[in-house]
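The sequence and the model come first.

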Amino acid sequence: MGKTILLGISASISAYKAADLTNKLTKMGYKVDVIMTKNATEFITPLTIQSLSHRTVHLDTMAEPDPALINHIALAKKADLFLVAPATANIIGKLANGICDDLLSTVAMAILPETPKLIAPAMNTYMYENPINQKNLKSLKEAGYKEIEPREALLACGDYGKGALADLDKILTTVTAVLENTRGTYEK
């Protein structure tokens, strides 16, 4: 396959599932470049993700590993698909409102218009259903993002409802459908 997936991991308890997602995407033959928010590193270490992706994990907006390139622009340009999983209400709000105060939100702003963009929310039910979050998701959809909707489950906080990260199989099926331009769970 050889296509590059730019995976953003934000600070949700379901960040640990991003390790399995990274592993599966890598084993499927995709190059998986990962950007983690600072708070995501409190849930899962960059070393774990790096070990599974066999690629550098990007954390800092000001880190410029190659002096010939502007890192956030280079990452955005080489992505065949941009996926944020898990996506917290915080990162959804930043992306919907053009706030660029960390590497993930800055790269998201630089993603090329033709690059497919997927977002997989994961948060408490009340946060997910909050009218502000729903407005932000609507704004992202209008900007070309496709939502991989969360599922109903018993959440880490003890509440039951919609907010758990979508099953990894659903995320993988959607990614594959987008990159292969097939039907499936992805609709243009």
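Which elements each supply at least two residues of the lining of the largest pocket? They are helix 1, strand 7 and strand 8 (160-164). Helices (H or I, at least four residues) and strands (E, at least two) are DSSP runs, numbered from the N terminus.

The model is predicted: local features need pLDDT of at least 70, side-chain atom pairs count only at pLDDT 80 or more, and totals for chains, interfaces and linings use all residues. Residues are numbered from 1 along each chain as its sequence is written, and side-chain values use heavy atoms, with hydrogens and water left out.

**The largest pocket**

The volume of the largest pocket is about 320 Å³. A pocket is an open set of points on a 1 Å grid over the protein atoms alone, where a 1.4 Å probe fits, with protein on both sides within 12 Å along at least five of seven lines; lining residues have an atom within 4 Å of a point. The volume is the space filled by probe spheres set on the points, which are joined across faces, edges and corners. Of the 20 lining residues, Ser12, Ile13, Leu155, Ala156 and Ala164 are the closest to the centre of the pocket. Strand 7 gives the largest share of the lining, three residues. By type, the lining has 13 nonpolar, five polar and two charged residues; Ala, Val, Leu, Ile, Met, Phe, Trp, Tyr, Cys and Pro count as nonpolar, Asp, Glu, Lys and Arg as charged, and the others, Gly among them, as polar.

The table lists buried residues (under 20% relative accessible area, 1.4 Å probe, protein chains only).

| Helix | Buried residues |
|---|---|
| Helix 1 (residues 15-27) | Ala15, Lys17, Ala18, Ala19, Leu21, Thr22, Asn23, Leu25, Thr26 |
| Helix 3 (residues 71-78) | Asn71, Leu75, Ala76 |

Those of helix 3 lie on the same side of the helix, because they cover an arc of only 130 degrees around its axis, taken from the directions from the axis to the C-beta atoms. They pack against strand 1 (4-9), strand 2 (31-36), strand 3 (57-58) and helix 5 (103-110), contact being heavy atoms within 4.5 Å.

The buried residues of helix 1 are covered by elements including helix 2 (46-53), strand 4 (81-87) and helix 8 (168-179). Glycine 29, with a positive phi near 100 degrees, follows helix 1.

**Alanine 120**

Alanine 120 is in strand 5 (residues 117-121) and is buried, with a relative accessible area of 0%. Leaving out residues up to four places away in sequence, alanine 120 touches Val84, Ala85, Pro86, Ala87, Ile148, Leu165 and Ile171.

Notes: Buried means under 20% relative accessible area, exposed over 50%, partly exposed in between (1.4 Å probe, protein chains only).
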